[in-house]
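Open the structure in your viewer and keep the selection panel at hand. The stops below go from the whole chain to single side chains.

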Amino acid sequence: MNVDWGLLADYALVDQRGKLSLIGIFNRLWTPSFPSLQPTVFLAFALTGEASRSAMAELRVWGPTKDLLVGGQQQVMFGTDGRASSIFQLAPLPLPAPGVYIFELLLDGTSAAHLELNVEQASQV
């Protein structure tokens, strides 16, 4: 199994025909103070693997001090073409401090991809 790509977005959905739609793709956030909460973050990803097979996808979100903030699991089903797309919704996402947050995607227990989210304090005007 391979992760073709992964993106963070304000909103994501997969329709009944399997079409993925994303709104507000980002890799950087600003917040006025810490700790903070981001109301909703979606992680969308596309995979290739064995046709008509299922896999367990697990998401782990690591904070700047390498502490596990949130996680979740879901079953992913590959189509007859060996492709799959899926989303995780995190609501809310805790942001305890500025720095780099790592979104780790595991497939059947093996680390398969990492996405970085840079979180900074917004300047006060």
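What share of the contacts in the chain with a separation of 6 or more comes from residues 24 or more positions apart? Such residues account for 65% of those contacts, where contact means heavy atoms within 4.5 Å.

This is a predicted model, in which local features need pLDDT of at least 70 and side-chain atom pairs count only at pLDDT 80 or more, while totals for chains, interfaces and linings use all residues. Residues are numbered from 1 along each chain as its sequence is written, and side-chain values use heavy atoms, with hydrogens and water left out.

**Whole chain**

Colour by secondary structure. The chain has 11 strands and zero helices; both are DSSP runs numbered from the N terminus, with helices being H or I of at least four residues and strands E of at least two. The radius of gyration is 15 Å, close to the 14 Å of the globule rule for 125 residues, so the chain is as compact as a globular protein of that length. That radius is taken over C-alpha atoms, and the rule is 2.2 Å times the number of residues to the power 0.38. Along the principal axes, the C-alpha trace spans about 55 × 25 × 20 Å.

Switch to a surface. The chain exposes about 7000 Å², of which carbon and sulfur atoms supply 51%. Accessible areas come from the Shrake-Rupley method with a 1.4 Å probe, and for residues only the protein chains shown count as cover. Buried residues make up 33% of the 125 residues; buried means under 20% relative accessible area, exposed over 50%, and partly exposed in between (1.4 Å probe, protein chains only).

**The core**

Select Phe45, Leu93, Phe103 and Leu117. Of the 25 residues in the largest nonpolar core, these touch the most other members. Strands that each supply at least two residues of this core include β5 (41–48), β6 (54–62) and β11 (110–121). A nonpolar core is a set of buried Ala, Val, Leu, Ile, Met, Phe, Trp, Tyr and Cys residues joined through side-chain atoms within 4.5 Å. In soluble globular proteins, nonpolar side chains tend to be buried together.

Now centre on Phe45. Leaving aside neighbours within four places in sequence, the contacts of phenylalanine 45 include Trp5, Ala57, Val76, Ile87, Phe88 and Leu105.

**A surface patch**

Select Tyr11, Leu13 and Ile23. These form a nonpolar patch on the surface, with about 280 Å² of accessible area together. Patches are made of residues with over 30% relative accessible area and no salt bridge; like charges are joined within 9 Å, and nonpolar side chains (Val, Leu, Ile, Met, Phe, Trp, Tyr) within 5 Å. Isoleucine 23 lies in strand β2 (residues 20–26) and is exposed, at a relative accessible area of 54%.

**Salt bridges**

How many salt bridges does a search of the whole structure find? The search finds three, each a side-chain nitrogen of Lys or Arg within 4 Å of a carboxyl oxygen of Asp or Glu.

- Show arginine 28 and glutamate 120, whose side chains meet at 2.1 Å, N to O. Arginine 28 is in strand β3 (residues 28–31) and glutamate 120 in strand β11, 92 residues apart.
- Move to aspartate 108 and arginine 53, with the closest N and O atoms 3.0 Å apart. Aspartate 108 is in the loop between β10 and β11 and arginine 53 in the loop between β5 and β6, so the pair ties together parts that are 55 residues apart in sequence.
- Finish with glutamate 58 and arginine 60, at 3.0 Å, N to O. Glutamate 58 counts as buried at 18% relative accessibility, while arginine 60 is partly exposed at 28%.

**Backbone details**

A cis peptide bond joins phenylalanine 34 and proline 35, with omega about -5 degrees; proline 35 sits in the loop between β3 and β4 (36–38). The peptide bond from alanine 91 to proline 92 is also cis, with omega near -10 degrees, and proline 92 is in the loop between β8 and β9.

Next select serine 52, in the loop between β5 and β6. Its phi is near 60 degrees, a positive value in a residue other than glycine. Last, select lysine 66, in the loop between β6 and β7 (68–77). Lysine 66 has a positive phi of about 70 degrees although it is not a glycine, and at 64% relative accessibility it counts as exposed.
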